[in-house]
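Below are some numbered remarks for a colleague who is opening this model for the first time. Please read them with the structure in view.

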Amino acid sequence: MVTSSTGITPRSTEDYHEVLANLSDGSVRRHFDPYLDIAWDAPEMAIDPQDPRWILSPEHDTLGATQWYRNLPVDKQIELGRWRVVNAIKVGAAFESILIRGMMQYIMKLPNNKPEFRYSLHEMTEECNHIQMFQELVNRSGTDAPGMRPLFRRLSPWIGIAGGYAHVILFIGILGGEEPIDHYQKALIRQGDNLPPAVLRTMEIHIAEEARHISFAGEFLQRRFARMSPRGRRICAYAFPLAMRWLATEIMKPHPKIVERFDIPDDVMREAFWDSPQARKVLAGYFGDMRALADSAGLYTPGSRRVWRALRVDGPMSRYRSEPDRTPSPTPG
Ligand SMILES: [Fe+2]
Ligand SMILES: [Fe+2]
């Protein structure tokens, strides 16, 4: 067993391999197919572009929380809500394709008999199914969502390639994308929000499979952090909050074409991403598990904490995985 220079003792190799074997086993026993497990053509799954259930949650969606949005006529709230949700789904699919590109390069360099090889392939198979499921939903929504914001789109092929070399940064990035999506989807489902049934079904399937992906990335990183040089750990301590903030913004902030189409004022965009007290609470709330992970790996140092704070991704640590954010909502005004 290796004890890190932070004094943290990671799992033994045997225990780590057992965790990976259990995750692989879970993928074999419980997985979903986008066409077998979603009754796309069932009448109740039909997607109605005018469905009032597209209206954004004022509590969990930072654009939906703005007064500007609440003051729009209901048909506009529905239309913008649909564009926003469908576009975030499209960006989620693009993010998963980057994950696959980086992870595929990583596993193809592994020697024989590495448990990461098998589990990563299960994960990539699931991500391919998610991409197909999300794209089917986008196609059926009647919304020609543009997807990734321009810079992210331009960088995306290179991020995949870079991730194939910098494995630790790749896995930090994987969590930076998966955590906001997972928290957003869980918050909506927990609250019992009224969502169009096709959206709800895809979210349920996604959440069920993402739990394994997030566990694997956490286990992988804990192990790598413990064996890292002090310099490498220092780099990761700062890369962590930067990746969280950047990826949360890329996933959640609407594409400029949507901003233009609905004429969303600049100050409303600033308020929603991430200036208002409600938006700050939502942003910081995505990363309770990540702060706990960084802390347990000795990466939540006084210096790096300043970066977490400056980027508004700081806050309380989760006491257990996926603990809902319990910080009270800011009082309006
Ligand atoms: Fe996924
Ligand atoms: Fe995933």
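1. Helix α3 contributes the most to the lining of the largest cavity, with 6 residues. Helices here are DSSP runs (H or I, at least four residues), as strands are (E, at least two), numbered from the N terminus. Two or more lining residues come from each of α3, α6, α7 and α8. The lining has 15 residues, and those closest to the cavity centre are A88, I89, I181, Y184 and Q185.

2. The largest cavity holds about 170 Å³ of space, and the structure has 2 cavities of 30 Å³ or more. A cavity is a set of points, on a 1 Å grid over the protein atoms alone, where a 1.4 Å probe fits but cannot get out; lining residues have an atom within 4 Å of a point. Points are joined across faces, edges and corners, and the volume is the space filled by probe spheres set on them.

3. This is a predicted model: local features need pLDDT of at least 70, side-chain atom pairs count only at pLDDT 80 or more, and totals for chains, interfaces and linings use all residues. Residues are numbered from 1 along each chain as its sequence is written, chains are lettered from A and ligands numbered from 1 in the order in which they are written, and side-chain values use heavy atoms, with hydrogens and water left out.

4. Which protein donors hold the iron ion (ligand 1)? They are E96 (OE), E127 (OE), H130 (ND1), H206 (NE2) and E210 (OE), at 1.8 to 2.4 Å from the ion. Donors are N, O and S atoms within 2.8 Å of the metal (3.2 Å for Na, K and Ca); water is not among the atoms, so sites may look incomplete. Along the chain the spacing of these donors reads E-x30-E-x2-H-x75-H-x3-E. E96 in helix α3 and H206 in helix α7 are 110 residues apart, and the pair links distant parts of the chain. Both E96 and H206 are buried; buried means under 20% relative accessible area, exposed over 50%, and partly exposed in between (1.4 Å probe, protein chains only).

5. E178 lies in helix α6 and H213 in helix α7 (residues 197-226), so the pair ties together parts 35 residues apart in sequence. E178 counts as buried at 2% relative accessibility, and H213 is buried at 0%. The two iron ions lie 3.4 Å apart, with E127 as a bridge between them.

6. I131 belongs to helix α4 (residues 115-140). With a relative accessible area of 23%, I131 is partly exposed. Beyond neighbours within four places in sequence, I131 is in contact with A93, E96, S97 and I100, where contact means heavy atoms within 4.5 Å. I131 and S97 are 34 residues apart in sequence, yet their C-alpha atoms are 7.5 Å apart.

7. Helix α5 bends by about 45° at S156, and the proline P157 follows within four residues. The bend is the angle between axes fitted to the seven residues ending at a residue and the seven starting there. In α5, F152, S156, G160 and G163 are buried. The buried residues of α5 pack against α3 (74-107), α6 (167-190) and α8 (230-252).

Definitions and conventions
1 Å grid on protein atoms, 1.4 Å probe; cavity = no way out; pocket = protein on both sides within 12 Å on 5 of 7 lines; lining within 4 Å.
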